[in-house]
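I opened the model to look up a few residues and their surroundings. My notes follow.

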Amino acid sequence: MKKVMLMMVMAGIMVAAQAQTDKKEAPKKEMKMKEHVCTKACTKEHHAYAHGEKGHSCTDACKKKG
Ligand SMILES: [Zn+2]
Ligand SMILES: [Zn+2]
């Protein structure tokens with residue numbers, strides 16, 4: 001009988017844990033990153049990611065633009 005009790009407790013913990021994770025939704029950080037579209041500036045080795053595109057990392061040029 002002890003085993004059954006243990007299993008029920010375990011199940012209860014699992015359900016509680018699942019309920020918690022359900023509530024704990026990840027904050028929706030909607031990064032407005034566009035998919036990269038190749039341009040004339042792109043090469044096979046290096047892609048010229050435009051500002052706001054995935055893979056782009058801001059440079060001083062970006063900051064100047066604002
Ligand atoms: Zn590209
Ligand atoms: Zn940028």
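How many helices and strands are in the chain? I found two helices and zero strands; helices (H or I, at least four residues) and strands (E, at least two) are DSSP runs, numbered from the N terminus.

I noted that this is a predicted model, where local features need pLDDT of at least 70, side-chain atom pairs count only at pLDDT 80 or more, and totals for chains, interfaces and linings use all residues. Residues are numbered from 1 along each chain as its sequence is written, and chains are lettered from A and ligands numbered from 1 in the order in which they are written.

Next I checked burial. Buried residues make up 0% of the 66 residues in the chain. A residue is buried if 20 or more other C-beta atoms lie within 10 Å of its own, exposed if 12 or fewer, and partly exposed in between, with C-beta atoms placed from the backbone.

I looked up E53 in the loop between helix 1 (2-23) and helix 2 (60-65). E53 counts as partly exposed because it has 14 C-beta neighbours inside 10 Å. Leaving out residues up to four places away in sequence, E53 touches M33, K34 and H36; contact means C-beta atoms, placed from the backbone, within 7 Å. From E53 to E35 I read 5.7 Å between C-alpha atoms, across 18 residues of sequence.

I then turned to H36, which is in the loop between helix 1 and helix 2. H36 has 16 C-beta neighbours inside 10 Å, so it counts as partly exposed. The C-alpha atoms of H36 and Y49 are 6.4 Å apart.

Last, I placed C62 in helix 2.

How values were computed:
Contact = placed C-beta atoms within 7 Å.
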